[in-house]
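Thanks for coming, everyone. Please have a look at what is on the screen, and then we will walk through it together.

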Amino acid sequence: MHAHSLQEDANDFPDSGKASYRRVAYCEAANAYLKCARGAPSQEDAHDAFLNAAGCFRKAEEWGKAGDAYAACEAFDSAVEMFRRGDLFDEAIRLIRAHKDAMEPSLVESTIEAAKLSFFRKGEYKYVHRYNTAHRPLT
């Protein structure tokens with residue numbers, strides 16, 4: 001599989017070398033896995049390819065793309081964690097709204113609190129109020 005060999009190439013870059021080259025190599029591997037996922041003959045193959053893509057994007061520190069790939073294979077907790085790392089709280093909250101029942105409750109609550117704090121720090125107070133779940137459920 002082409003994607004797997006690209007991932008192996010990325011893994012072979014030395015940690016002490018140029019980090020940007022390693023990140024580019026992981027992105028190339030991730031994009032190859034995404035292509036495999038979209039043309040996969042089975043749901044299981046697609047799931048595995050999306051999961052591999054997410055792992056490569058994670059190593060490349062492409063948090064949004066990693067989150068999207070994890071969401072595509074229904075690894076919602078991991079997706080939210082990636083969105084949080086990238087300070088992509090709108091995406092995290094969107095995913096929580098859609099899949100809250102399938103997610104770890106403590107991750108849901110801590111993400112909502114982190115989102116409110118992030119929006120508060122940025123002066124985006126309307127979002128703080130929108131995500132206030134202390135008195136009402138997130139819908």
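Ile96 is buried, with a relative accessible area of 0%. Buried means under 20% relative accessible area, exposed means over 50%, and partly exposed is in between, using a 1.4 Å probe and protein chains only. Ile96 lies in helix α6. Helices here are DSSP runs of H or I with at least four residues, strands are runs of E with at least two, and both are numbered from the N terminus.

A word on the source. This is a predicted model, so local features need pLDDT of at least 70 and side-chain atom pairs count only at pLDDT 80 or more, while totals for chains, interfaces and linings use all residues. Residues are numbered from 1 along each chain as its sequence is written, and side-chain values use heavy atoms, with hydrogens and water left out.

Thr111 is found in helix α7. Is Thr111 buried or exposed? At 0% relative accessibility, Thr111 counts as buried. What does Thr111 contact, leaving aside neighbours within four places in sequence? The list is Val80, Arg84, Phe89, Ala92 and Ile96. Contact means heavy atoms within 4.5 Å.

Now Val80. Set aside its neighbours within four places in sequence, and Val80 is in contact with Ala92, Leu95, Ile96, Met103, Leu107 and Thr111.

The largest nonpolar core has 42 residues. A nonpolar core is a set of buried Ala, Val, Leu, Ile, Met, Phe, Trp, Tyr and Cys residues joined through side-chain atoms within 4.5 Å. Which residues have the most contacts inside this core? They are Val80, Leu95, Ile96 and Met103. The elements that give two or more residues to the core are α1 (2-12), α2 (19-38), α3 (43-59), α4 (63-72), α5, α6 (89-99) and α7. α2 gives the most, with 9 residues.

Let's turn to helix pairs. Two packed helices are described by the angle between their axes and the distance between the axes. Axes are lines fitted to C-alpha atoms, for helices over the stretch in contact, and angles run from 0 to 180 degrees between N-to-C directions.

First pair on my list: α5 and α7. Helix α5 covers residues 76-85, and helix α7 covers residues 105-121. They pack at an angle of about 20°, with axes 11 Å apart. α5 and α7 are therefore roughly parallel to each other. The cut-offs are these: under 35 degrees is roughly parallel, over 145 is roughly antiparallel, 65 to 115 is roughly perpendicular, and the rest is oblique. α5 passes α7 in a left-handed crossing. Left-handed means that the near helix is turned anticlockwise from the far one by less than a right angle; clockwise would be right-handed. Which residues make the contact? From α5, Asp77, Val80, Glu81 and Arg84; from α7, Leu107, Ser110, Thr111 and Ala114. By class, that is 3 nonpolar, 2 polar and 3 charged residues. Ala, Val, Leu, Ile, Met, Phe, Trp, Tyr, Cys and Pro count as nonpolar, Asp, Glu, Lys and Arg as charged, and the others, Gly among them, as polar.

Next pair: α3 and α4. Their angle is about 165°, and their axes are 8 Å apart. α3 and α4 are therefore roughly antiparallel to each other. Their crossing is left-handed. On the α3 side we have Phe50, Leu51, Ala53, Ala54, Gly55, Phe57 and Arg58; they meet Trp63, Lys65, Ala66, Ala69, Tyr70 and Ala72 in α4. By class, this contact has 10 nonpolar, 1 polar and 2 charged residues.

Now two loop residues. Glu61 lies in the loop between α3 and α4. Its phi is near 60°, a positive value in a residue other than glycine. Glu61 is partly exposed, with a relative accessible area of 48%. Asp87 lies in the loop between α5 and α6. Phi of Asp87 is also positive, near 60°. Asp87 is partly exposed, at 37%.

Finally, the whole chain. How many helices and strands are there? The protein chain has 8 helices and 0 strands. Buried residues make up 40% of its 139 residues.
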